[in-house]
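I open this notebook page to record what I looked up in the structure, going from single residues to the chain as a whole.

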Amino acid sequence: MAELEESLMELNEEKTEESPEDVKKWLFQEQVRIQARRDELMEFNHELMNLKAELEQEKSKLESMEKTIKKRYDDNEIFIEKKLKIIENAYRQLDVDRKALECERLNFEHEKSKYRRQKMSGSSRSNVHQYSGASDAYDGTSFFRGVDSELALRKRYKDLLKIFHPDNKYGDTKTLIKIQTEYESLRSRYCEG
C-alpha cells in the first residue's frame, strides 16, 4: 500500500494534466502489478514453508539415525568389553593349565630319570612299581628352583598350592608337605637376609 501511495504522489506531481480516466487506468495497472507481486511473494513464501517442512523432516530422520547409530555403537562397546573379559579369563585359565602341564612334565621327567637310575643300578621290577606314586615324584629341592626374591617365592608357593592341593585333580598330601617344608626353609633364609 505504501508503494501505491508513493506512486500516486509521483503521478500527481508529474501528471497533473492527465485526465481522471488515465489516472484510473494507471491506478488499475499499478494495483494489478502490486497484486501480481503479492502473489509471487505468497508463492515464494509457500515454497519456503515447504522447504522448511522438508528440512525439518530430514532433520528428524537424521536425529533418529544418529540415535540408532549411537545405540548400536554403545551395544558394540558393551559386546567388545564382554568378549575381552572372556578372552582374559581364557588366558588366565590357559596360564593355569600351562603351569599344571609344566608340573606334570617335571614330574614325568623326574620319574623317568629315577626309573633310568633304578634300571641302571639293577633294581628289581617290583621296586619300580613301589616307587611309581606321584607323592614321591619330587625330592623336595626342585620346587623353588630359579626363585630369587621373597615375592617370587610367595608367588611360586601359591601356584604350587593350587596345583598340588589334595582337593585338586593333581593334588597329593606328601608332595604338599615337601613343598611347605622347602618353602619354610627358603622363607626363613629370605627373612634373615
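Before the first entry I note the cut-off that I apply throughout: a residue counts as buried when its relative accessible area is under 20%, as exposed when that area is over 50%, and as partly exposed in between. I also note that this is a predicted model.

Entry on A100. I looked up A100 and found this residue in helix 2, which covers residues 20-121. Its relative accessibility is 10%, and because buried means under 20%, A100 counts as buried. I then checked A100 against I163, which lies 63 residues away along the chain, and the C-alpha atoms of the two are separated by 6.2 Å.

Entry on the core. Which residues make up the largest nonpolar core? I listed twelve: C103, F143, F144, V147, L153, Y157, L160, I163, F164, I179, Y183 and L186.

Entry on helix 4 and helix 5. I next looked at how helix 4 (residues 150-164) packs with helix 5 (residues 173-192), and I noted an angle of about 170° with the axes 11 Å apart. Since angles over 145 degrees count as roughly antiparallel, helix 4 is roughly antiparallel to helix 5. On the side of helix 4, the contact is made by E150, L153, R154, Y157, L160, L161 and F164, while helix 5 brings T175, L176, I179, Q180, Y183, L186, R187, Y190 and C191. Sorting the residues of this contact by type, I recorded eleven nonpolar, two polar and three charged.

Entry on H165. Is H165 buried, partly exposed or exposed? I found H165 in the loop between helix 4 and helix 5, and with a relative accessible area of 35% this residue is partly exposed. Leaving aside residues up to four places away in sequence, H165 touches L160, G171, D172 and L176. I also noted T175, ten residues from H165 in sequence, with a C-alpha to C-alpha distance of 8.9 Å.

Entry on the whole chain. Of the 193 residues, 17% count as buried, and the chain exposes about 16000 Å², of which carbon and sulfur atoms supply 55%. Among contacts with a separation of 6 or more, I noted that 56% are accounted for by residues 24 or more positions apart.

Note on methods:
Residues numbered from 1 in each chain as written. Predicted model: local features only at pLDDT ≥ 70, side-chain atom pairs only at ≥ 80, totals over all residues. Heavy atoms only, no water. Axes fitted to C-alpha atoms, helices over the stretch in contact; angles between N-to-C directions. Helix = DSSP H or I, 4+ residues; strand = E, 2+ residues; numbered from the N terminus. Parallel < 35°, antiparallel > 145°, perpendicular 65-115°, else oblique. Contact = heavy atoms within 4.5 Å. Nonpolar A, V, L, I, M, F, W, Y, C, P; charged D, E, K, R; others polar. Buried < 20%, exposed > 50% of the residue type's maximum accessible area, 1.4 Å probe, protein only. Areas by Shrake-Rupley, 256 points an atom, 1.4 Å probe, with all protein chains shown as cover. Core = buried A, V, L, I, M, F, W, Y, C linked by side-chain atoms within 4.5 Å.
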